[in-house]
Amino acid sequence: MDRRGFLKSCAGIVAVSALSDWVLAEGVVLSNRAVKVRIGNKHPNIVFIFIDDMGWRDVGFMGSTYYETPNIDKLASQGMVFTNAYANAANCAPTRACLLTGQYSPRHGVYTVGSSARGSSSDRKLIPIANDTTLDSHHITIAEALRPADYVSASMGKWHMGDDPELGPIGQGFDVNIGGGSKGSPYGGRYFSPYKNPYLPDGPDGEYLTDRLTDEALKFFEANKDRPFFLYMTHYAVHTPIQAKADLIAKYQDKPPSNGQDNPTYAAMIDSVDQGVGRIMDKLDELKLADNTVIFFFSDNGGYAGATSNYPLRGFKGTFYEGGIREPMFVKWPGVVKPGTMCGTPVISIDFFPTILEMAGAKKPLGKTLDGESIVPLLKGQTTLNREAIFWHFPAYLQGNVAGARDSKFRTRPVGVIRKGGWKLLQFFEEWVLDGGWGTIDTNNAVELYDLNNDISETNNLANVNKAKRDELLNLLIDWQNSIAAPIPTQPNPDYTG
Ligand SMILES: [Ca+2]
């Protein structure tokens, strides 16, 4: 049976996602992963530099005067800096699942890291929604979507979505996996070889993981310089454990703290990332690929409370205040993005999937829902996108006491969030569900509203001051929750003791 006949015979009985998987798989077989050298290499190479746990102000180009990132800053100056760029979540795995699929969390069920029921049960008012700790293999990832466009792709570093052969980078469509499995921090708890990482052969004793991943990236460029490539450069740095090379720690040992940033070892971790970025650019220059390579720079959640300061943003990794979700970001796209530009339009990690597809000239996989929007128009100078708002859904508990959190026991309790224009609203499900919803909204303490344009630190809750704006955003948020069937925790926890 030919493909058309097969599709026709299946159309009535095969679920859309299964059908699109089949079409995608067929595309892979037909291309046979053959090396096709493009005449003139029309579509750019894509290097996505993804730092773990890096805070909004943890780089020079975002204003840090403590950390030193000359290579990253130089690259940022050659591209467009996004000042309102968001991760889809305040911790690692969910942002990664959203980025790799281009979908909000309710579509894949990865809401948090590990259990959604963190902390003491007696402190939790609701039974949280169960969490998926791995990304199911039926989801089409960005690497799978790039295959029909003849991109070779590599994941280097942290994966955190499951293990190969099925759920790791190879199982999810990458051609190369260096060091990525189910773990969210360096295997064996160490940044130095021997790594004890099943996906990364040990180097010489004492070799530093960030340096090694850069070495592997350079090899990948050499091996694939004649075809379009996608590198998901997903550093384990600068996640805990906070470990760095002694000579670099010494560089920061006597440096005066600045704006609350004062950890020499963390600064040295960032320094190693920066040196790696410099080596990547030198290699792309040497191979004469730099002019046809797009560089993205991004992080997966806000800065960690034990290592840095996100000032003036409120909160840290794990909270849904800006310090937990706003990220340093730039895009360098030679010949398209005007160097030295800045964009304040809110963007979010689900946007990278359609953006990269558009850059690569790849088609949206058949039947695939993409929740994000391509930011290519912004990169070309437009100042708005089509959507009305962006959303977060976190039906889980994250324990811990950090400055800026809403209470002392949890970095966050179950929450829904919307940002529209300069306004941001947080809907806390415990109060919303248990204390009366709309009926008692003026007193139930379920909703916080902030005017980010005038209150970037989220100090002034306007929920009962601008009720029209509150209700407008809350209605949009609830409409979105309904449209995507976002599961809201509603069941009271019998263990709760108050
Ligand atoms: Ca992270």
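Student: Which residues in H6 meet H8?
Tutor: This is a predicted model. On the H6 side they are Thr210, Asp211, Thr214, Asp215, Ala217, Leu218, Phe221 and Glu222. Their partners in H8 are Ser272, Val273, Gly276, Arg279, Ile280, Lys283, Leu284 and Glu286.

Student: How do the residues of that contact divide into nonpolar, polar and charged?
Tutor: Six are nonpolar, four are polar and six are charged.

Student: And at what angle do the axes cross?
Tutor: At roughly 15°, and the axes come within 9 Å. H6 covers residues 209-223 and H8 covers residues 264-286. Angles under 35 degrees count as roughly parallel, so H6 is roughly parallel to H8.

Student: Is the crossing left-handed or right-handed?
Tutor: The crossing of H6 and H8 is right-handed.

Student: Backbone next. Which residue does a cis peptide bond join to Pro241?
Tutor: Thr240, with omega about 0°. Pro241 sits in the loop between strand E6 (229-234) and helix H7 (246-253). The bond from Ser193 to Pro194 is also cis, with omega near 5°. Pro194 lies in the loop between strand E5 (176-178) and H6.

Student: OK, so where is Asp150?
Tutor: In the loop between helix H5 (142-146) and strand E4 (152-157). Asp150 is not a glycine, yet has a positive phi of about 70°. Lys288 is not a glycine either, and its phi is positive at about 60°. Lys288 belongs to the loop between H8 and strand E7 (293-299).

Student: Is Lys288 buried or exposed?
Tutor: Exposed, with a relative accessible area of 75%. Asp150, at 13% relative accessibility, counts as buried, because the cut-off for buried is under 20%.

Student: Switching to aromatics. How many pairs does a search of the whole structure find?
Tutor: It finds 30 aromatic pairs. In one of them, Tyr86 and Trp392 have ring centres 5.1 Å apart and planes at 80°, so that pair is edge-to-face.

Student: Where in the chain are Tyr86 and Trp392?
Tutor: Tyr86 is in strand E3 (residues 85-86) and Trp392 is in strand E12 (residues 390-394).

Student: Which residues form the aromatic cluster?
Tutor: Phe48, Phe50, Trp159, Phe174, Phe230, Tyr232, Phe296, Phe298 and Phe352 form one cluster.

Terms used:
Residues numbered from 1 in each chain as written. Predicted model: local features only at pLDDT ≥ 70, side-chain atom pairs only at ≥ 80, totals over all residues. Heavy atoms only, no water. Axes fitted to C-alpha atoms, helices over the stretch in contact; angles between N-to-C directions. Helix = DSSP H or I, 4+ residues; strand = E, 2+ residues; numbered from the N terminus. Parallel < 35°, antiparallel > 145°, perpendicular 65-115°, else oblique. Left-handed = near helix turned anticlockwise from the far one by under 90°. Contact = heavy atoms within 4.5 Å. Nonpolar A, V, L, I, M, F, W, Y, C, P; charged D, E, K, R; others polar. Buried < 20%, exposed > 50% of the residue type's maximum accessible area, 1.4 Å probe, protein only. Phe/Tyr/Trp six-rings, centres within 6.5 Å; stacked < 30°, edge-to-face > 60°.
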